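Here is a short note to read alongside the structure. Please keep the 3D view open and follow the points in order.

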Amino acid sequence: MGLLDGRRSPQLLEKFNPLLKKMEADWDNRARENAEYYIATRPEGWSKEEFFRSGRVHVEEMILADRANICQGKDPRRMRVLEIGCGIGRMTLALAEVFGEVYGVDVSGEMIRRARALAEAAGIKNVRFYKNNGMDLKVLRRVKFDFAFSYIVFQHIPSKEVIINYLREVHRRLAPGALFKFQVQGYPGVESRPDDTWLGVPITEEEAVEMARATGFDARFRVGAGEQYFWLWFFKQPERGTLDRVLSFLRIRRD
Ligand SMILES: C[S@@+](CC[C@H](N)C(=O)[O-])C[C@H]1O[C@@H](n2cnc3c(N)ncnc32)[C@H](O)[C@@H]1O
């Protein structure tokens with residue numbers, strides 16, 4: 001089976017069940033041992049304040065500075081946003097200061113438990129956290145989003161199929177034209193094993209473009225190919241129905 005194996009859940013779920021269980025157990029253990037360290041590794045450790053301040057700084061740099069692509073003229077207060085691999089909410093809580101509604105999902109129930117407790121303690125009401133299975137978004141039922149984001153998460157996933165499945169899932173839930181901005185491991189020297197939950201599989205620029213094409217996205221901007229922080233801006237292509245309508249309208253006008 002090639003990179004863009006078209007199989008969907010439940011066969012995929014069955015195939016990846018052992019890996020998903022391992023991801024959950026490993027990340028639960030990391031959360032119990034030292035969540036802040038494993039989320040944003042720093043040898044000298046973090047105070048809670050510094051840790052959450054780093055989330056605010058990242059939201060300023062990665063979200064506010066990129067507002068034109070993300071909001072596309074919409075009022076952020078009226079936007080619903082998804083973060084995949086939210087951890088204990090380092091960025092999610094800062095995203096909730098900008099956007100109307102924010103949903104965070106994470107494979108680790110322990111991370112999610114902590115994220116919920118922190119949001120509740122801070123009195124933040126427009127954020128929701130869900131434990132998912134590590135490869136799809138079924139836990140969110142029918143909720144749709146205006147923007148999706150993921151940082152330092154896919155770099156820990158050892159399977160391209162799992163990443164592609166997330167792309168399909170995000171695509172299904174995004175508004176036409178909306179953006180999924182995410183980071184993958186781009187450094188080709190990383191030796192990831194199929195059951196590794198720390199070193200994820202590297203993605204080349206060609207693979208990223210092909211993944212976008214196969215899942216209905218336009219891989220419009222790509223920064224950092226070949227490096228650990230390989231950023232991708234995937235815009236959901238307009239629905240085919242809309243495109244067809246525009247084309248037939250233009251044809252009528254030309255005649
Ligand atoms: C390094 S932390 C980053 C957390 C958050 N993105 C941030 O920047 O603060 C990686 C997070 O991704 C989660 N994660 C790892 N693999 C995942 C998967 N397959 N699906 C969902 N979450 C996953 C981990 O549980 C962990 O909380």
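1. The structure is predicted. Residues are numbered from 1 along the chain.

2. Next, the overall make-up. The chain contains eight helices and seven strands. Its radius of gyration is 18 Å, close to the 18 Å that the globule rule gives for 255 residues, so the chain is as compact as a globular protein of that length. The C-alpha trace spans about 70 × 45 × 35 Å along its principal axes.

3. Now burial and contacts. Of the 255 residues, 40% count as buried. Take the contacts in the chain with a separation of 6 or more: residues 24 or more positions apart account for 69% of them.

4. In what order do the seven strands of the open sheet lie? The order is E3-E2-E1-E4-E5-E7-E6, and the pairing is mixed. Strand E3 (127–131) and strand E6 (217–223) are the edge strands, and each pairs on one side only. On average, neighbouring strands of this sheet are turned by 15° against each other, direction ignored.

5. Look at one pair of strands. Strand E5 (residues 174–184) and strand E7 (residues 230–236) run antiparallel, joined by six bridges. Valine 184 has phenylalanine 230 in E7 as its bridge partner.

6. Finish with the helices on the sheet. Helix H7 (residues 205–215) packs on the sheet and touches E6 and E7. The direction of H7 makes about 155° with that of E6. Helix H5 (residues 109–121) lies across strand E2 (101–106) and E3. H5 runs at about 165° to E3.

Terms used:
Predicted model: local features only at pLDDT ≥ 70, side-chain atom pairs only at ≥ 80, totals over all residues. Pairing = 2+ DSSP bridges. Helix = DSSP H or I, 4+ residues; strand = E, 2+ residues; numbered from the N terminus. Axes fitted to C-alpha atoms, helices over the stretch in contact; angles between N-to-C directions. Contact = placed C-beta atoms within 7 Å. Rg over C-alpha atoms; globule rule 2.2 N^0.38 Å. Buried ≥ 20, exposed ≤ 12 C-beta atoms within 10 Å, placed from the backbone.
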